[in-house]
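The report below describes side-chain interactions in one protein model, with the criteria for each kind of contact given alongside.

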Amino acid sequence: MCETKSFYLWLLQVIGLLGILALCLWLAMRPKSPNYTIVNFSIPGANTSNESDHGSIQYELDIENPNQDSGIYYDDIFLMFYHGEDKVGSKTIPSFYQGKDKTRQVIDQVDVETRFWTVLRKAIMNATAELRVDMSTKIRYNTWGIKSKQHGINREGKIPIGKDGKISNKKKKVKLRHASKKWKQRSTRFLLST
């Protein structure tokens with residue numbers, strides 16, 4: 001009887017140790033979300049006296065994969081730029097794969113919708129302009145050759161714009177953070193409709 005108790009106690013200890021080991025492995029291998037940062041941003045021609053009826057937004061977006069053991073498959077990335085509640089422009093970045101511990105730079109431009117250009121230009125000339133950039137995509141992690149399920153990513157950031165048409169905060173960079181619940185609902189509807 002005593003040997004049976006010690007065998008069951010030993011078996012319980014082994015199972016407990018394996019459970020703790022599995023938990024530690026899961027915590028160590030769980031991938032981190034990518035980081036999105038707008039490192040360069042400008043609206044050329046916004047501060048000139050030449051009154052044009054259209055403009056463009058030039059941006060540089062850094063997409064950083066902080067995982068040393070997981071690559072990331074991205075679906076199309078949707079970027080939308082808002083001034084107040086008005087969507088002044090949007091851009092789609094085609095799907096791609098990002099390797100382990102890599103950073104991808106996306107340098108592109110967005111044409112500002114004509115009907116919103118005049119209001120945005122006046123706000124920039126008064127140094128009161130602030131754009132909100134919203135980003136949404138779906139990703140899959142690739143860890144040791146195994147693809148994970150899809151994860152929805154929604155980020156947003158506020159870009160204060162100075163009279164020169166460039167980012168006016170001290171850091172000159174805008175990190176995109178988790179989106180508000182209101183934006184998540186709106187972007188989920190947008191992703192389902194595409």
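Which side chains, R132 and D134 among them, meet in a salt bridge, and at what distance from N to O? The side chains of R132 and D134 do so, at 2.9 Å from N to O, where a salt bridge is a side-chain nitrogen of Lys or Arg within 4 Å of a carboxyl oxygen of Asp or Glu. The model is a predicted one, in which local features need pLDDT of at least 70 and side-chain atom pairs count only at pLDDT 80 or more, while totals for chains, interfaces and linings use all residues. Residues are numbered from 1 along each chain as its sequence is written, and side-chain values use heavy atoms, with hydrogens and water left out.

**Salt bridges**

Side chains of opposite charge can pair when their charged atoms come close. By the rule above, the count comes to four salt bridges, including those in the table.

| Salt bridge | N to O distance |
|---|---|
| R132 and D134 | 2.9 Å |
| E156 and R132 | 4.0 Å |
| E113 and R115 | 3.0 Å |

The bridge between E156 and R132 links distant parts of the chain, since E156 lies in strand β10 (residues 151-160) and R132 in strand β8 (residues 130-143), 24 residues apart; strands are DSSP runs of E with at least two residues, numbered from the N terminus. Together, R132, D134 and E156 are linked in a network of salt bridges.

**Aromatic rings and charges over them**

The charged end of R132 also sits over the ring of Y82, 4.5 Å from its centre, the criterion being that NZ of Lys or CZ of Arg is within 6 Å of the ring centre and within 35 degrees of the ring normal.

The structure holds six aromatic pairs, a pair being rings of Phe, Tyr or Trp (its six-membered ring) whose centres lie within 6.5 Å, with planes under 30 degrees apart counted as stacked, over 60 as edge-to-face and the rest as tilted. One of them is the stacked pair of Y74 and F96, at 4.5 Å centre to centre and with 20° between the planes. Because Y74 lies in strand β3 and F96 in strand β6 (residues 96-98), this pair ties together parts that are 22 residues apart in sequence. Y74 is buried at 3% relative accessible area, and F96 counts as buried at 10%. Elsewhere, ring pairs link F7, Y8 and W10 into a cluster.

**The surroundings of N67**

N67 is found in the loop between β2 (55-64) and β3 (70-74), and at 2% relative accessibility N67 counts as buried. A polar atom of the N67 side chain lies 2.6 Å from the backbone nitrogen of K32, and the side chain of N67 makes a polar contact with the side chain of N65 at 3.0 Å. A polar contact is a pair of N or O atoms within 3.5 Å; within protein, one must be able to donate a hydrogen and the other to accept it, and residues adjacent in sequence count only if both atoms are side-chain atoms. Leaving aside neighbours within four places in sequence, N67 is in contact (heavy atoms within 4.5 Å) with P31, K32, I72, K100, D101 and Y141.

Notes: Helices (H or I, at least four residues) and strands (E, at least two) are DSSP runs, numbered from the N terminus. Buried means under 20% relative accessible area, exposed over 50%, partly exposed in between (1.4 Å probe, protein chains only).
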